[in-house]
Amino acid sequence: MKLLVVGATGTLGRQIARRALEEDRDVRCLVRNPRKATFLKEWGAEIVQGDLCKPETLGPALEGVDVIIDAATTRATESARLQQVDWYGKVNLIQAAEKANIQRFIFFSILNAENFPDVPLMDIKHCTEKFLTESNLNYTILRPCGFMQGLIGQYAVPILDNQAVWFTGESTPIAYMDTLDIAKFTTRVLDVQDTENRTFPIVGTRAWTADEVINLCERLSNRTAKISRIPIGFLRGVRRIVGFFQWGWNVSDRLAFTEVLASGKPLDAPMDEVYTVLDLDPKDTTTLEAYLQEYFSRIMKKLKEIGYEKEKKKKKKKTPFKSSES
Ligand SMILES: NC(=O)c1ccc[n+]([C@@H]2O[C@H](COP(=O)([O-])OP(=O)(O)OC[C@H]3O[C@@H](n4cnc5c(N)ncnc54)[C@H](OP(=O)(O)O)[C@@H]3O)[C@@H](O)[C@H]2O)c1
């Protein structure tokens, strides 16, 4: 079975490619810039150049492929508008997959996307789910809601760095999951026929508010967060202003996501059925405590080592003639 991972240079896509290669699967990755993907080649993947927004690149990339795993999305840092990649790009890919008689299309959506029609990314995910389910492809839709990896830049690093942690205060609990676990669920989907033409939530062991995540980071790092609250009304204002300008469309689309975070509707779902269908044990899923504990103990150890090295260099400088005297 040949897999094509789309978005394999991304946070989740790379974990899926790695997991699939570790399981000795035949993996091809569609990438826009092969130079950015040398690590995938080193892991053993085949690299093919392509772009969701260039439909002519998709046909050749799909030759000989049995399953597509689509973990691509517009980069927050990019000028391409959300719609170009996440809607038109995905339509291109689904149509190319139909033409190529792909056996299965695994699509990453977002949990509860249908509840937020005014948030562009959620609306596009919901529309793409519909477009895929109405296609003639065998599909599996996986709906995560937040990656633990995203919490490092958002909370852990600023707390360690004594920088401000920004948040709106109106906080929706989110059941974050480690992308390594999501990768494990994804490759299981490939082996379980009962996952065909079905949609599953893929969420962590419990939902956390921003306050709770910050408290946990403070406890594990033994530091106090410098919290800066941004009123949600201010963000709505910024969104309206940047939305007037073409350069600001992507920023505006992203800021709309604050509506999800301010909704107070928990991003969480029961996972019992998913564990049963995939025959996985919930006890093996990483908790946020364990994930952050591992992160902070690794970083603290590194910081201690750096401090120790600096101290050693300082001591050497203070006694430059010691060795010649003795
Ligand atoms: N992050 C979250 O918390 C979260 C939560 C729920 C669901 N999801 C969903 O999970 C999936 C993976 O998210 P992620 O955070 O891992 O994404 P990410 O780190 O932002 O990576 C995005 C990937 O998409 C690729 N890409 C962007 N535009 C492309 C194009 N025009 N053609 C081909 N590839 C393109 C990027 O390639 P380059 O390296 O070339 O830029 C990159 O590999 C997405 O569907 C996302 O919506 C994410």
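Cys 53 is partly exposed, at a relative accessible area of 35%. Cys 127 is partly exposed too, at 32%. Partly exposed lies between buried, under 20% relative accessible area, and exposed, over 50% (1.4 Å probe, protein chains only). The structure holds zero disulfides, a disulfide being a pair of cysteine sulfur atoms within 2.5 Å.

This is a predicted model: local features need pLDDT of at least 70, side-chain atom pairs count only at pLDDT 80 or more, and totals for chains, interfaces and linings use all residues. Residues are numbered from 1 along each chain as its sequence is written, and side-chain values use heavy atoms, without hydrogens or water.

Now turn to the interior. In soluble globular proteins, nonpolar side chains tend to be buried together. Here the largest nonpolar core has 77 residues. Such a core is a set of buried Ala, Val, Leu, Ile, Met, Phe, Trp, Tyr and Cys residues joined through side-chain atoms within 4.5 Å. Val 27, Cys 29 and Phe 185 are among those with the most contacts inside it. Apart from it lies another core, of 23 residues, including Val 48 and Leu 93.

Next comes the ligand. Around it stand 24 residues, and Thr 9, Leu 12, Arg 32, Asp 51 and Lys 125 come nearest. A residue counts as near if one of its heavy atoms lies within 4 Å. The protein buries 89% of the 920 Å² that the ligand exposes when taken alone, by the Shrake-Rupley method with a 1.4 Å probe.
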